[in-house]
Amino acid sequence: MQGKSGRSIILTGATGFLGAFLMAGLLERGYQVTVLGRPSGDMRLSDRLSHLTRWLNIDPGEKLSAIEADFSKKHLGLDDKAYGDLCAIKGKIIHCASDTSFAERNRERVMNTNVESLSSLLDFAADSRAEHLYYVSTAYACGRCEGICMETPVTAESFHNVYEESKAQAEEVIRRSCEDSGVPLSILRPSIVYGHSKSGRALKFNALYYCVRSISYIRDIFANDIRQGGGKSAKWGSFLDDDGVLYLPLRIHLPNRGSVNLIPVDYFVETVLCIIGHSGTGEIYHITCGDPPDIMTLSEYTQRFLGVRGIRVLWDQAGKITDPNPAEELFERLFEQYRPYLSDNRIFDRSRTHGITNGVSAPPFTYEIFENCMSYAVACEWGVTAGRS
Amino acid sequence: MKLHPVTADEGGVLVPFESLENALGFAKKCSIRHIGLAIGILGEEFISSFIAPTKKLADEARVVFARKMCMPYLVLLIGDKYALRSVREMGYPVIDQKLFKTLYQGLPSLNSAEWLELLGELTDDEPFSYLKLGQFGELAEIALAPSPAQAAKDIDPDLRPFFERLYLRPEMNDLVWLNTFRIQSARYNREKPTVGLVVYLPVDTSLITEIQAGLQDIAQRNHLKGRLGFITPFDNGKRCVWEYDYYYDHNDPDDMVRIQQTTHEAGVLLDEYSVKTGTVKQVRYLVNRGCCRKENLLYT
């Protein structure tokens with residue numbers, strides 16, 4: 001089971017969005033990938049991976065193996081022999097698994113998954129004398145801050161949500177552990193990741209997708225009412241143009257002008273592959289967009305894609321929309337959790353990432369990319385059928 | 001049966017919950033504080049029976065409420081205006097009478113309402129907080145286009161005009177009237193007959209969950225469907241009446257054998273809990289003595 005030095009990867013989170021695409025990228029580059037993960041219901045981990053590799057159009061052959069592991073248990077829940085065999089692989093570890101819930105009421109679960117369960121993985125990294133540990137964090141581990149965010153350890157004490165907080169804590173826990181054990185560490189901090197920039201394919205449809213989907217469903221509510229002669233839409237100023245475009249008065253309130261830092265999953269994978277081919281340690285990499293789109297651009301894309309007009313963005317540090325209509329009230333509620341990321345005026349320093357990728361940046365977020373990604377999302381019912389081979 | 005004066009301001013609300021534990025907590029709190037005249041925790045079977053005029057719509061309503069909207073439990077609370085105000089002041093999001101009418105008369109549109117999935121996925125810190133939006137009811141009206149004709153849409157064409165006239169009557173979507181005249185109960189067995197096990201026991205989530213798991217296990221072993229019916233607290237929130245139902249086909253001889261075996265095993269299980277806890281009592285041992293007051297049932 002022992003692989004050639006530098007060519008064996010132990011990957012967690014491979015059944016998630018980033019992990020799955022990363023697994024595909026690693027296999028395509030000829031890495032021997034061992035996935036640590038859980039079964040899901042009656043489905044064993046190996047079956048989950050088989051479904052995913054078919055969906056990803058890759059034939060991993062003997063290059064991919066699956067080990068069912070429980071990160072909450074000592075030795076990853078494996079018996080002595082299995083644990084010994086795993087330690088003997090002596091590869092690089094990429095820890096991609098995480099709970100991405102923002103909700104405070106899920107605090108215990110998020111902290112357990114993202115912080116508490118690290119100890120078993122870190123013990124494994126030390127026991128196996130891992131060549132390198134790569135931790136997939138988030139650019140937003142920087143918490144509530146302004147200005148330029150450097151590729152340095154987190155200093156923030158205040159966060160927008162429990163997810164950010166857990167990732168910041170995890171970075172610190174991992175950093176200290178790796179210092180003690182001598183395992184080389186790199187921290188990878190992607191911003192908001194959307195689907196593949198060319199095919200539009202994705203496995204998870206939150207953040208930008210959730211906002212577009214929300215507007216799409218609100219559009220359908222009003223458009224159906226108008227088509228069925230319900231008459232209530234007119235009361236709220238909504239009507240259908242002669243060309244079938246829905247006028248939907250929807251004011252979106254944001255505290256300040258800013259941008260949305262989006263990167264496609266293929267750029268994330270390419271950058272990670274560059275980083276793991278590099279031998280540095282103790283380094284933090286921002287995998288972010290150097291020229292992120294603003295909300296006005298996204299609003300324009302959304303209206304064009306959905307066949308609506310009437311969406312307006314209002315900038316107000318403290319205020320709220322006065323006399324919201326039912327659509328505005330619902331949309332405000334739905335996108336509340338994403339508000340801090342939709343008018344971001346922080347700049348993520350990318351010097352180290354830039355240096356290692358020879359200046360390759362995320363592609364500009366054009367309408368064509370937006371349309372590809374959203375068309376794919378609609379085709380797979382915003383995730384209901386995503387990942388099915 | 002307990003008689004009480006009826007005031008002109010009686011109304012009803014449905015309070016949604018994601019878990020039985022939270023639903024019991026709310027029902028108990030109201031019972032301790034004497035808020036409301038009637039409180040019942042409805043499981044997904046009772047919810048769908050309560051709201052749907054046909055079996056097909058009941059099946060769809062079950063999916064919509066329990067899966068899409070993530071509300072497998074609803075607490076029905078009937079009370080005067082002060083009681084209903086208290087529930088709001090306690091901070092719970094509610095389905096009020098107006099929204100209930102919208103859901104009831106717009107039920108055929110509910111299953112295809114994709115926007116409901118968004119609400120179910122909303123991972124904010126307060127479940128169902130969207131029900132507190134001032135204009136959520138208005139939005140639901142735009143989306144579901146509720147009307148007597150809409151409510152009767154899935155009924156056989158020859159009966160439809162009659163039901164459209166029937167659903168014009170305000171009583172048909174009045175939570176108080178539907179409860180008072182036991183419309184829900186009348187609808188409950190339209191899927192299949194049920195054998196309801198009615199038990200008196202403390203309002204204790206872990207005990208109820210444990211016994212329910214045992215009853216469910218018996219149902220599975222005997223290949224019958226078993227579900228929570230309802231729970232209603234009384235005696236200042238100390239105890240409750242809990243109904244758990246087994247479904248069977250009375251025209252199927254095999255099902256008849258299965259239901260006999262199931263009720264026998266369930267009876268043994270409940271007797272074991274009676275002995276073990278000293279606080280769990282089956283209604284069949286109490287009602288048959290001719291008692292009629294809840295207090296007598298309790299302390300006999």
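Two strands pair if DSSP finds at least two bridges between them, and strands themselves are DSSP runs (E, at least two residues), just as helices are runs of H or I with at least four residues, both numbered from the N terminus. With that in hand, let us begin with strands β5 (residues 225-234) and β6 (residues 239-247) of chain B, which pair in the antiparallel sense over 9 bridges. Within this pairing, P233(B) stands opposite C240(B) of β6(B).

Before going further, please note that this is a predicted model, in which local features need pLDDT of at least 70 and side-chain atom pairs count only at pLDDT 80 or more, while totals for chains, interfaces and linings use all residues. Residues are numbered from 1 along each chain as its sequence is written, and chains are lettered from A and ligands numbered from 1 in the order in which they are written.

Back to the sheet. β5 and β6 of chain B belong to an open sheet of 7 strands, ordered β1-β3-β2-β5-β6-β4-β7, with antiparallel pairing. At its edges are β1 (11-17) and β7 (281-282) of chain B, each of which pairs on one side only.

Chain B as a whole is divided into domain 1 (11-188) and domain 2 (194-299), with bounds that come from an automatic or database domain assignment. Their C-alpha centres lie 26 Å apart. Where the two domains of chain B meet, domain 1 contributes 14 residues and domain 2 contributes 13; residues are in contact if their C-beta atoms, placed from the backbone, lie within 7 Å. On the domain 1 side, α1 (20-32), β2 (38-42) and α2 (44-51) of chain B each supply at least two residues, and the largest share, 7 residues, comes from α1(B). That side divides into 8 nonpolar, 3 polar and 3 charged residues. Here Ala, Val, Leu, Ile, Met, Phe, Trp, Tyr, Cys and Pro count as nonpolar, Asp, Glu, Lys and Arg as charged, and the others, Gly among them, as polar.

Chain B also touches chain A, in a contact that takes 17 residues from chain B and 24 residues from chain A. On the chain B side, α7 (115-121) and α8 (136-144) each supply at least two residues, with α8(B) giving the most, 5 residues. The chain B side is made up of 9 nonpolar, 3 polar and 5 charged residues.

Now to chain A, which has 14 helices and 14 strands. Its radius of gyration, taken over C-alpha atoms, is 22 Å, close to the 21 Å that the globule rule (2.2 Å times the number of residues to the power 0.38) gives for 389 residues, so chain A is as compact as a globular protein of that length. The C-alpha trace of chain A spans about 70 × 45 × 40 Å along its principal axes. Buried residues make up 45% of the chain; a residue is buried if 20 or more other C-beta atoms, placed from the backbone, lie within 10 Å of its own, exposed if 12 or fewer, and partly exposed in between.

Strand β2 (residues 32-37) of chain A shows this burial well, with 6 of its 6 residues buried. Q32(A), T34(A) and L36(A) point one way, and V33(A), V35(A) and G37(A) the other. In general, side chains alternate between the two faces of the sheet in a regular strand. β2(A) pairs with β1 (residues 8-12) of chain A in the parallel sense over 5 bridges, and Q32(A) is the bridge partner of S8(A).

The largest nonpolar core has 185 residues, and among those touching the most other members are L11(A), I218(A) and V15(B). Such a core is a set of buried Ala, Val, Leu, Ile, Met, Phe, Trp, Tyr and Cys residues joined through C-beta atoms within 7 Å. Helix α7 (residues 208-227) of chain A supplies the largest share, 10 residues. Leaving aside neighbours within four places in sequence, I218(A) is in contact with L248(A), A327(A), L330(A), F331(A) and W115(B).

Two loop residues of chain A complete the tour. N57(A), between α2 (45-55) and β3 (64-68), has a positive phi of about 60° although it is not a glycine, and is exposed, with 10 other C-beta atoms within 10 Å. K90(A), between α3 (80-87) and β4 (92-95), has a phi near 50° and counts as partly exposed, with 16 C-beta neighbours inside 10 Å.
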